[in-house]
Amino acid sequence: MRKPVKIFFMASSSIVGVLLMAAVAFVSISPEFGGKPTKADKQMYAKSGHYEDGEFKNLVPTVELTGGSMVKVLWKFLFRKEPNARPPGPLPMQQLDSLTIVRKTPDLLRVTWFGHSASLVELAGKNILLDPMLSIDLGPSAWLTPPRYNATLPITPEQLPPIDAVLISHDHYDHLDYQTIRRIKSKVAHFYVPLGIGPHLRKWGVAPERITEMNWGDEAQLPGLTVVCTPSRHFSGRGLTNRNSTLWSSWVLKSDSKRVFYSGDGGYSPHFKAIGATHGPFDLALIECGQYDQQWSQIHMMPEQSVQAAVDVRGKVMLPVHWAAFTEANHAWTDPIERATAAAMRLHIPVTTPRLGEPVVVGSGPLPSSPWWRQVQ
């Protein structure tokens, strides 16, 4: 090997080594990455029926990425972006405060969507918070992740009313947000999460007695409300070495008079029909609709599949979520809602399309249905 080449090779290796050491140090120091399961935790996971060789598995064979490498996907995302991947201006919002949200009657079903998948469900007199990603920055390093469309949200974590239950669908940064958990944990009575997410919450200062880790099919009882952990078809991981170390889920909420389904993230599969047959029909179905691509179509649904999932679970009304906050795929930012509303019209499925922060009251007059995204400038 010629001397200049050898020197270049040694220098490059040193740089790579330093970067790897820095990455490992960052993962070790940053609380964003969460906690690690104990030996007892892993023994509990092994009894779930969905945990093998240190990883959770889907109900059906699932490939996270097809038809190309992750390098090609990242290259396309970074350098060949869809020209309308982000809105040209801020999205319209309805600003809220805790007094606005907390007024309710026992038979009220009201859902307030804050963008992406974060939503507040008011049911059976309870406040249930779904996947509360209420931060502007996504993940441990803002320069590595897509910025939020709006610089503010309809409500801050501090403005939220007391929360009876927080439900987490999986541990990805756009659903399980460290900064939000840190800011709301004192006002949350209980966290219901899929298996494996407990260590993250404990690491962030949530008392163990306020955490219930659940397997698919497990139920939890609150006064007047049943919470059911149901399957999804996805994957998990927050760091460099914990791929699929936590379970992913959808959620069912059942009161004496109303039922709500939340899909979490995931690809289309037979689990939707099974959930509909066991727990449906649902007065409202919050269904993932956005951040999709043919190369990862087994772990995220196309909009037409999202509508079919609402049909499968026997949802009376569909609320598309997982859009209008971040660009995480190479499609136009309005593509999910345009395609989903068109598909729903063909199948005669009612769809509600609230602005961020605009409450959806089910069973009490017309639902929000304005195509507000077409007026964004």
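**Exercise 1.** Which residues point one way from β4, and which the other way?

*Solution.* Start with the ground rules: this is a predicted model, where local features need pLDDT of at least 70, side-chain atom pairs count only at pLDDT 80 or more, and totals for chains, interfaces and linings use all residues. Residues are numbered from 1 along each chain as its sequence is written, and side-chain values use heavy atoms, with hydrogens and water left out.

Now the strand (a DSSP run of E, at least two residues, numbered from the N terminus). Ser119, Val121 and Leu123 point one way from β4, while Leu120 and Glu122 point the other way. All of them are buried (under 20% relative accessible area, with exposed over 50% and partly exposed in between, using a 1.4 Å probe and protein chains only). So β4, residues 119–123, is largely enclosed by the rest of the structure.

**Exercise 2.** Find the strands that β4 is joined to by bridges.

*Solution.* Strands pair if DSSP finds at least two bridges between them. Step one: β3 (residues 109–113) runs antiparallel to β4, with five bridges, and Thr112 has Leu120 as its bridge partner. Step two: β5 (residues 126–130) is also antiparallel to β4, again with five bridges, and here Glu122 stands opposite Asn127.

**Exercise 3.** Where does Asp218 lie, and what is it in contact with?

*Solution.* Asp218 sits in the loop between β8 and β9. Leaving aside neighbours within four places in sequence, Asp218 is in contact (heavy atoms within 4.5 Å) with Val227, Val228 and Cys229. At 32% relative accessibility, Asp218 counts as partly exposed.

Terms used
Helix = DSSP H or I, 4+ residues; strand = E, 2+ residues; numbered from the N terminus.
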